[in-house]
Amino acid sequence: CHVHYHDFVLKKENFTRLCNTKSMLVVNGSFPGPVIRVQKGDTVFVNVHNQGDYGVTIHWHGVHQPRNPWSDGPEYITQCAIEPGSNFTYEVIFSDEEGTLWWHAHSEWTRASVHGAIVIRPVDNTEFPFPKPDGEDIIVFGSWYNTTEDVNDVVAEDLQDGSDTPNSDCYTINGQPGDFLPCSNASTYRLQVEYGKTYLLRLINAVMNVEIYFAIAEHSLTVVGMDASYVKPIVTDFIMIGPGQTMDILITANQPQGTYYMAGRQYNTVRKDILDYDNSTVTGILEYKGNYTLPTHPIFPSTLPTLFDLVAAKKFTDRLKSLATISHPADVPKNLTTRMYLIASSNYGFVNHSGQYETGVAASLNNVSWANPSTDVLRAYYRNMEGFYTSDFPNFPPSFYDFASEDYPDTTIITAKATKVKVLEYNEEVEIVFQGTNVLDASEDHPMHMHGYSFYVVGSGTGNFDNETDPKAYNLVDPPKMNTVSLPKVGWVAIRFKASNPGVWFWHCHFDRHLTWGMSFVMIVKDGDTPETSIRKPPPNMPPCNGSPTI
Ligand code: C2O
Ligand code: CU
């Protein structure tokens, strides 16, 4: 394998979108930021120089970083911020990932402007498990915020109405809003194709707060990979992709020469109104090369589901299966040592650190809303520093309620802010069942993301999880392997993994408003018996936390 070196300079630059110029923090002057290209198993050193005006960390989303939580990035979980005027070098260690991932800031909401793609090719002398494409490109979906210069304004803007509805000003494809937004059509993303050729498109959902439906007019999509794991090819008219997820798809240019819209818009299980194609739709253009008269308007995809179409989303995600071949096996854990049942809610009202009740939005897992400690959990754990977290997550064995109803005892509506972690022994085999709820009629999907691992999605359903019958229908043969899974609206999803990567690993909803409100927890996976199964030594220059010892 190879070693690569990159410099990331974080700096504010001016960008104009929607007829409006603003300055925002980006990496190396570009939005989205630079692409990292590696082969499976490589190591990348990224020296991040912060020339902005607030502290930032960077996360390598979906990179498992074996035994190396020091370079994982989430602020207050594995490190403190790289402060303005300083730098920190991440050592990003790739292992079994192959396909597409991405990197993004992991402090406040900075990831809105600080993110980019990671492309991981097969090692020399191995091939894609599908016919070699003739070309490829990257499609990053993003959120655009008009009025904002500062990340804290982004949060304010998005949460301004105090409701659970996402409010960015538009969505983007590779930083461009597309033909339906003002002052945008001159810079719409275009993918030029040659008739008869096949292209690999690497899709990344870097949007802040919604899942996305995506389709290309008249062209079917063949999904071949997800979250840097291959899947059995599925042919589909549209895909649904959650924030944090990545998807590799093939398209063949087999239609009459012309131009065709590719379009993305929200799959939003909160909104009950039906929007048609309008300024909430981000577009790009698939354009055939050659000598022909360009049509005045590209054709629109007729197959894009409407924004509230839960059935379409479920039908699509249920089709995803891992390859489960000799070269890409599915090693699903079957001897469970830990099972967790985690109830995901949005809440109104919480109990603060001093035990006082406060009104205000919160989000929780088993009625615990994650509160960041003042020193990162990893440092506190590694240095045996007391008082930064407790190891009693989840805090109550959940009793059974009808989570699909709206009738709840108070104990499930009011959450408590706390810093509680789950500790696992090395190599434990773990199952987590996430249950969505309808508390406050605020039910919706939650894209649940795990750091340091990918997991198998062994089952999923609507309504209440049934511990008697549902496990019997699990797929333990070829379940898809992901790092981010959509917990369906008032439904459940079951995942499994083997705790073979020691470290401190974050788990959270990848809707940033829910992350801000506390829908997250931390897993500490203890060391094995040997140095080769233990956390690596920390690098010498971990950024110091306010007033706490540097490591
Ligand atoms: Cu995409 Cu905690 O991250
Ligand atoms: Cu959520």
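The model in question is a predicted one. As for where this glycine sits, Gly29 belongs to the loop that links strand E2 (20-27) with strand E3 (36-39). Taking Lys489 as a point of reference, 460 residues away from Gly29 along the chain, the C-alpha atoms of the two are 38 Å apart.

Strand E1 (residues 3-17) and E2 run antiparallel and are joined by eight bridges. One of the pairings involves Glu13, whose bridge partner in E2 is Met24. The hairpin made by E1 and E2 has two residues between the strands, and Leu18 in this hairpin adopts a positive phi near 50 degrees.

Zooming out, the protein splits into three parts: domain 1 (3-121), domain 2 (135-318) and domain 3 (338-533). Where domains 2 and 3 meet, domain 2 puts in 22 residues and domain 3 puts in 21 residues. On the domain 2 side, at least two residues each come from helix H1 (151-158), strand E15 (229-236) and helix H2 (310-318). H2 provides the largest share of that side, with three residues.

Definitions and conventions. Residues are numbered from 1 along each chain as its sequence is written. Chains are lettered from A and ligands numbered from 1 in the order in which they are written. This is a predicted model: local features need pLDDT of at least 70, side-chain atom pairs count only at pLDDT 80 or more; totals for chains, interfaces and linings use all residues. Helices (H or I, at least four residues) and strands (E, at least two) are DSSP runs, numbered from the N terminus. Domain bounds come from an automatic or database domain assignment. Two residues are in contact if their C-beta atoms, placed from the backbone, lie within 7 Å. Two strands pair if DSSP finds at least two bridges between them.
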